[in-house]
Amino acid sequence: MGDVAARLAEIVGDKNLLTGEAISEDYAHDEALTAEPQKPAYVAKPATAEEVAELLKAASEHNVPVTARGSGSGLSGAARPRADGLLISFERMNAVLEVDTGNHVAVVQPGVTLAELDAKTAEAGLSYTVYPGELSASVGGNVGTNAGGMRAVKYGVTRNNVLGLQAVLPTGEILRTGGKTSKISTGYDLTQLIIGSEGTLALATEITVKLHPRLTHGATVLAPFGNLAQVMAAVPAILSSGLAPHILEYIDNLTMAAIVYNEKLELGVPDKIRETSEAYLVVALENRDDARLHEDVETVGELLGELGATDVYVLEGPAARKLIEAREKAFWTAKAAGADDIIDVVVPRTAMPEFITKSRELAMAAGGGALGCGHAGDGNVHFGIFCKDADKRKQLLTDIFAYAMELGGAISGEHGLGRTKAKYHQELEDPAKIELMRRIKQSFDPAGILNPGVLFPEGTE
């Protein structure tokens with residue numbers, strides 16, 4: 001261990017290598033509810049891609065497992081290190097290197113947070129549109145999990161908004177994939193292969209992201225419905241209308257009650273309507289012109305009324321912002337309520353009513369509950385799972401995931417598999433696909449040092 005520590009300190013400098021008691025608890029975990037914290041043997045804080053390359057070469061030589069960390073806001077345990085491992089923290093690589101207004105791109109280091117990038121792009125009247133619900137999240141972490149968020153219904157997820165990477169292979173090579181071009185058809189798309197690989201193939205050290213014009217006028221429409229089926233039937237009608245909402249969310253009545261209480265929201269919904277509503281639809285619209293925005297708001301309000309909404313509430317300014325912020329904090333609401341796990345299953349959006357109903361039935365049969373909200377526009381369902389018995393909870397999650405896959409969906413829509421969901425993927429996925437993934441992993445990482453236990457359960461890589 002002394003030899004390894006000396007080598008790592010030689011690369012990043014003594015003050016940028018932590019060992020033993022100098023490693024704080026913050027480095028031991030991300031925000032996954034079921035991954036026990038674990039301090040690593042070493043924490044290194046590189047400042048350049050070249051330092052990352054040297055760290056990875058040293059780790060390969062000494063067979064030290066490596067975990068990358070951005071802000072630690074992930075929900076799947078992918079940033080939880082190994083006890084004998086090296087945690088590479090990108091906290092020093094946190095610069096916005098360029099905002100290119102001609103090509104509508106920004107070039108950033110992986111430790112840049114979404115809040116920092118948003119502030120920088122705002123100066124140019126542009127915006128990076130991936131908002132996974134936590135603005136302290138790092139862009140590099142978003143790349144690792146292919147993060148999504150509420151705006152994915154209009155702008156897509158991370159992989160739709162990253163044009164290129166500088167990445168370091170575990171063997172120490174530094175490569176560039178993609179760039180500032182908006183399209184490419186030249187060989188395998190390595191950019192897209194690395195995005196969503198959760199730190200198991202390569203570590204991104206520079207990221208070129210797509211920017212959009214910042215639309216300054218916005219409004220949020222809140223519509224309570226008597227039943228979930230009506231909410232979900234309204235979704236395709238809204239998307240077919242040409243209104244192009246940038247947020248289209250459903251929130252069940254219990255979750256809405258919890259976030260209203262926790263965030264002290266005043267939404268103007270009478271008690272009688274709250275008591276008779278099973279779920280809510282949240283529709284957020286944006287425009288460069290205030291008059292056009294109000295026309296769109298009127299149109300969506302009329303459409304929601306025709307589709308069975310009990311009433312329609314137009315929220316502007318602070319009320320709208322607070323509701324969206326509260327929805328973004330739904331994970332913390334579920335955590336505070338004592339949820340035993342958080343899942344983010346994705347199904348075809350027309351299958352959402354069927355999936356949600358069945359999942360709730362499965363949870364009740366297990367003596368628990370499944371409550372939450374989701375991205376109605378893209379079929380991504382976020383459940384807080386309440387089931388204290390570990391064995392019953394494991395079977396419940398297996399049944400929920402299996403049903404989602406039967407409907408044409410997947411275990412995770414945006415959080416990733418990490419350590420917490422890898423075993424379910426291994427059990428339920430097509431073995432041929434698992435084997436192909438293993439061969440890809442072996443090609444990138446022959447020594448098997450990058451995030452062992454993530455995507456593939458420990459010992460099965």
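User: Which helix does Gln-230 lie in?
Analyst: Gln-230 lies in helix H7, residues 228-240. Helices (H or I, at least four residues) and strands (E, at least two) are DSSP runs, numbered from the N terminus. This is a predicted model, in which local features need pLDDT of at least 70, side-chain atom pairs count only at pLDDT 80 or more, and totals for chains, interfaces and linings use all residues. Residues are numbered from 1 along each chain as its sequence is written, and side-chain values use heavy atoms, with hydrogens and water left out.

User: What does Gln-230 touch?
Analyst: Not counting residues up to four places away in sequence, Gln-230 touches Phe-225 and Gly-308. Contact means heavy atoms within 4.5 Å. Gln-230 and Gly-308 are 78 residues apart in sequence, and their C-alpha atoms are 6.6 Å apart in space.

User: Why does Gln-230 count as partly exposed?
Analyst: Its relative accessibility is 27%. Buried means under 20% relative accessible area, exposed means over 50%, and partly exposed is in between (1.4 Å probe, protein chains only).

User: Now the domains. Which ones does the chain have?
Analyst: The domain assignment gives domain 1 (1-89), domain 2 (96-213), domain 3 (217-328) and domain 4 (335-423). Such bounds come from an automatic or database domain assignment.

User: How far apart are domain 1 and domain 2?
Analyst: Their C-alpha centres lie 22 Å apart. Domain 1 gives 15 residues to the contact, and domain 2 gives 16 residues.

User: What does UniProt say about residues 35-214?
Analyst: An unreviewed UniProt entry annotates residues 35-214 as "domain: FAD-binding PCMH-type". UniProt positions are given in the numbering used here, feature names are shortened, and annotations may be inferred rather than shown by experiment. In the model, this span is 22% helix and 24% strand, and its end C-alpha atoms lie 38 Å apart.

User: On to the inside. Which residues touch the most other members of the largest nonpolar core?
Analyst: They are Tyr-250, Leu-281, Leu-304 and Phe-355, in a core of 53 residues. The core lies between domain 3 (217-328) and domain 4 (335-423), because both give residues to it. A nonpolar core is a set of buried Ala, Val, Leu, Ile, Met, Phe, Trp, Tyr and Cys residues joined through side-chain atoms within 4.5 Å.

User: What is Leu-304 in contact with?
Analyst: Leaving aside neighbours within four places in sequence, the contacts of Leu-304 include Val-221, Phe-225, Ile-238, Leu-281 and Val-312. There is also a second, separate core of 26 residues, which includes Ala-9, Ile-11, Ala-41 and Leu-56.

User: And Met-352: buried or exposed?
Analyst: Met-352 is buried, at 0% relative accessibility. This residue is in helix H13, residues 352-365. Among the residues Met-352 touches are Met-232, Tyr-250, His-375 and Val-381.

User: Let us turn to charges. How many salt bridges does the structure hold?
Analyst: It holds 25 salt bridges. A salt bridge is a side-chain nitrogen of Lys or Arg within 4 Å of a carboxyl oxygen of Asp or Glu. One network of salt bridges links Arg-7, Glu-10, Glu-54 and Lys-57.

User: Where are Asp-271 and Arg-274?
Analyst: Both lie in helix H9 (residues 271-276), three residues apart, which is about one turn of the helix. Asp-271 is partly exposed, with a relative accessible area of 44%, and Arg-274 is partly exposed at 42%.

User: What about Glu-198: where is it found?
Analyst: Glu-198 is found in the loop between helix H6 (190-194) and strand E10 (203-210). Glu-198 is buried yet has no salt bridge.

User: Which side chain of opposite charge is nearest to Glu-198?
Analyst: That is Arg-419, 8.8 Å away. Lys and Arg count as positive and Asp and Glu as negative, while His and the chain ends are not counted. Not counting residues up to four places away in sequence, Glu-198 touches residues including Ser-76, Thr-145, Leu-417 and Asn-451.
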